[in-house]
Amino acid sequence: MMNHKNILLLAADSGEGPLGEMIDPVLREVWRAEGFHTSACYFSDLQRAHLDNAHAVILLRTPLPDQDTSDFAAKSEWVRDFVARGGGLLSLFTECYGKTEASLNELFGPWGLRFYFNRLVAQAGTVIERFPRFFEGVILPAVSAEGALGLITEGGHGTQHLTCVGDARWEPMLRGGAGMVSEPYKGAYLNCSGESIADPVLAARAEIGAGRVVAFPGSAPFWIVNPFIWRFDGLLHTQRNGAGGKFLLDAVRWLADTPRGRALQPDLNALPEPAC
């Protein structure tokens, strides 16, 4: 019998645009086939029992600075404690033109990781792909230990990939392609770096306490269901012979595979609805 594991999708109540079904149903079905069940709630509804019965939490949104952040601030401590006790956390994160990195950095700061809202610039001669019928966006190359991925960038809201700068605990999982540079935006955008960052890290992981954390911020085109952001017809899941979907699935597997995760026998009645 398959040993099912539980994923809790978690989002701040406030933010840019609705989250719809929280995450692409395609991902839910892929993960279900691999033995992962998903449930979802907002920070205002989060209870400690939800965390106690989750193998991993996937953070989808942190609050805008002019919104009520009281629930997020208080319950971020619960999330950090969940990780310290052996839970897994994957930060995917919706982007809002540099506004929401402040609250994301507040959560990750004690773990030695910071995120910058920068523009990815490929070196001259890089082969740039285009998404059909979406010519304002470009697909830039990125490199993981398993091979290459393509990241949609410069396509407006939700298609900016944040740059990760971490201390020695953080292992890069995804870097920009050869010669790529992470450049701060010029203008009024917030949370940009002070200078250019060569060889930018776009996803990273670390073991924190007894738990594990993966950060793939600004990755919304991979997973989001939102009327303001294209779903890209599953391209990012199926690209490179399924490399995009495998990247996310491998991250979830790693997060759930802690001693706590292997031993956890969750109470399904303690999970928020829908548990699917």
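1. Partly exposed here lies between buried, under 20% relative accessible area, and exposed, over 50% (1.4 Å probe, protein chains only). E34 falls in that class, at 37% relative accessibility.

2. This is a predicted model: local features need pLDDT of at least 70, side-chain atom pairs count only at pLDDT 80 or more, and totals for chains, interfaces and linings use all residues. Residues are numbered from 1 along each chain as its sequence is written, and side-chain values use heavy atoms, with hydrogens and water left out.

3. The model holds eleven salt bridges. The term means a side-chain nitrogen of Lys or Arg within 4 Å of a carboxyl oxygen of Asp or Glu.

4. Helices (H or I, at least four residues) and strands (E, at least two) are DSSP runs, numbered from the N terminus. R253 is partly exposed too, at 36% relative accessibility.

5. E29 bridges to R32, with 3.4 Å between the closest N and O atoms. The two are three residues apart in helix α1 (residues 25–33), so about one helical turn separates them. E29 has a relative accessible area of 46% and is partly exposed. R32 is partly exposed at 36%.

6. D81 and R85 also meet through their side chains, at 2.9 Å, N to O. D81 is partly exposed at 33%, and R85 is partly exposed at 39%.
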